[in-house]
Amino acid sequence: MDDLTPEQVKRMAAAIGLFIFEDDLDDVTFRLGATLEHLTALDRLEPPDLAPPAILEPNGP
Amino acid sequence: MSGADLALLGAGALSDALHRREVSSEEIVRACLARIESLNPTLAAFVTVCAEAAVRAARRADSERAGGRSRGPLHGIPFAVKDALWTKGVRTTNGSRLFEHFVPTEDATVVARLRAAGAVLVGKLNMMEIGFGPTLRPPFGVPRNPWNLERTTGGSSSGSASAVAARLVPLTLGADTGGSIRLPAAFCGVVGLKPTRGRVSRYGLMGICPSFDSVGPLAARASDCAVALAVIAGHDRKDPTTTRAAVDDYIGAIGEGLAGVRVGIVEELMKSALLCPEVRGLVAEAAAALARAGARAEQVSIPLIDHASAIYVAIAEPEGAARFRPYLLTRPHDIDVLPRRRLLAASLIPASVIPRARRLGERLRAQVDEALRAVDVLVSPATPSAAPPIPTAGRIESKEEAWTAAVAGRSLFTNPFNITGHPALTVPCGFTAERLPVGLQVIGRYYREADVLRVAAVYESITPWRARRPEM
């Protein structure tokens with residue numbers, strides 16, 4: 001997974017109405033990058049016996 | 001007995017002295033207030049001290065006792081609570097400028113129950129801001145560890161642990177989302193208990209993450225935690241997440257031995273690369289001491305526990321960010337730099353990770369339940385190291401540092417049991433070469449707080465650690 005850039009993180013925050021102070025930006029970028037990296041590792045642990053998401057028929061059941 | 005001597009006693013010993021009419025509640029409360037006045041400027045354990053109200057409440061307790069009415073073992077005993085718990089008419093800051101003028105109009109249920117049991121509230125305790133990780137410039141003073149003033153108390157229930165360690169008050173309450181009772185208890189060398197999810201009401205707790213928040217006691221001895229839990233546990237109609245399961249006899253369990261008790265040492269936590277060898281050695285020795293006392297100790301494996309921090313972060317961080325989003329939008333300057341940065345990063349975690357993390361959390365709970373079918377309690381280190389230095393710089397230089405130091409590093413041994421909801425306690429199990437305390441974590445089956453209290457009490461009785469106090 002490519003690392004997020006501070007500019008990308010700033011834009012992500014702006015998209016949900018949050019402002020990041022310049023002084024906070026690098027720190028927030030490192031924190032978010034580290035978190036997403038560890039969360040990606042959870043993809044490999046998905047339980048194998050889960051029911052797939054329901055697919056709704058366009059014309060109803 | 002002098003005031004100085006009184007302040008050094010635990011809740012149980014003070015209760016016995018009150019029962020024997022050797023001392024009054026007012027004398028005990030005044031002794032605590034004197035010690036707070038002397039040491040709090042250094043420790044910053046208390047945010048608010050309710051001196052006059054405490055003396056009035058102590059006099060009422062004395063008057064009731066004199067009239068032949070006893071409300072139980074906490075009648076006339078001083079206590080203090082983390083400043084995240086509502087106290088009627090007493091400012092409740094949540095450790096933050098955001099709430100510095102907030103005065104609740106009612107007590108949290110746990111506070112109301114302690115008051116109804118005759119306990120005397122002496123004040124509100126300092127904490128990491130909004131309970132969301134280290135705070136660089138805490139608005140109500142930098143909490144300092146009584147064992148070494150340059151070391152952190154840990155948190156977020158910082159003052160709840162340091163006040164007990166420095167014997168400012170014999171009993172406190174904290175709140176624990178990922179380890180916020182157990183981490184400071186371990187760093188400060190006291191006992192701290194996170195009860196089973198649903199065991200203790202959270203009504204009136206200014207929490208972070210409703211999925212994981214718990215309220216629990218801290219004290220110098222496991223028996224004092226048992227007495228407090230007996231008062232605060234049980235269903236609360238104001239908190240629909242509390243269980244109607246029967247409350248055990250925690251105090252009675254304290255006197256039982258360890259014969260036949262099976263203790264499982266969590267293999268993955270003991271092998272963690274982040275665990276300091278000195279702590280690993282002390283925890284291994286603690287397990288051996290339990291075996292010598294009659295328990296059967298064995299290794300157990302909980303494979304998913306290695307991923308617990310990621311599961312925890314995926315659920316707790318977005319919940320915390322959502323809770324404080326209005327303040328992040330409107331008053332970001334009023335939030336300390338470290339929790340603000342954590343809240344900002346947490347706000348950007350995609351919601352799509354949460355369902356997967358919840359499913360994995362259920363699998364982790366099933367693995368812990370499975371391990372607890374083979375043994376009665378689990379043990380592990382409470383923290384990867386003894387108390388580190390107080391943070392003085394806010395800057396993080398890499399993703400690795402962000403993860404280990406700021407996001408999940410310190411809570412990696414405690415947060416698994418917030419995810420699963422099992423009761424977990426930390427009890428002092430020795431000291432490092434730098435004379436800093438280390439905690440042994442004891443985890444029990446759902447609603448079996450009696451088991452973890454019993455194991456901790458026996459451990460205290462066969463080791464010398466409970467006799468040690470910081471030189472203050």
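Predicted model: local features only at pLDDT ≥ 70, side-chain atom pairs only at ≥ 80, totals over all residues.
Two strands pair if DSSP finds at least two bridges between them, and in β4(B) the bridge partner of B:Val81 is B:Leu173. Helices (H or I, at least four residues) and strands (E, at least two) are DSSP runs, numbered from the N terminus. Residues are numbered from 1 along each chain as its sequence is written, while chains are lettered from A and ligands numbered from 1 in the order in which they are written.

**Strand β4 of chain B**

- On one side, β4(B) pairs with strand β2 (residues 78-82) of chain B in the parallel sense, over 2 bridges.
- β4(B) also pairs with strand β6 (residues 214-219) of chain B, this time antiparallel and over 6 bridges; there, B:Ala219 is the bridge partner of B:Leu171.
- 6 of the 6 residues of β4(B) (171-176) are buried, so the strand is largely enclosed by the rest of the structure. Buried means 20 or more other C-beta atoms within 10 Å of a residue's own, exposed means 12 or fewer, and partly exposed is in between, with C-beta atoms placed from the backbone.
- One face carries B:Leu171, B:Leu173 and B:Ala175, the other B:Thr172, B:Gly174 and B:Asp176.

**Where the chains meet**

- 29 residues of chain B are in contact with 25 of chain A (C-beta atoms, placed from the backbone, within 7 Å).
- On the chain B side, α12 (308-330), α13 (337-347), α14 (353-374) and α15 (399-407) each give two or more residues.
- α13(B) is largely enclosed by the rest of the structure, because 10 of its 11 residues are buried; among them are B:Arg340, B:Arg341 and B:Arg342.

**Nonpolar cores**

- A nonpolar core is a set of buried Ala, Val, Leu, Ile, Met, Phe, Trp, Tyr and Cys residues joined through C-beta atoms within 7 Å.
- The largest has 164 residues, and B:Val120, B:Val191, B:Val442, B:Leu453 and B:Ala456 touch the most other members. α12(B) gives the most to this core, at 11 residues.
- A second, separate core of 5 residues includes A:Phe30, A:Ala34, B:Ile396 and B:Trp403.

**A loop proline**

- B:Pro146 sits in the loop between β3 (120-125) and α6 (158-165) of chain B, and it counts as buried because it has 27 C-beta neighbours inside 10 Å.
- Beyond four places in sequence, B:Pro146 touches several residues, including B:Leu43, B:Cys188 and B:Met472.

How values were computed: Contact = placed C-beta atoms within 7 Å.
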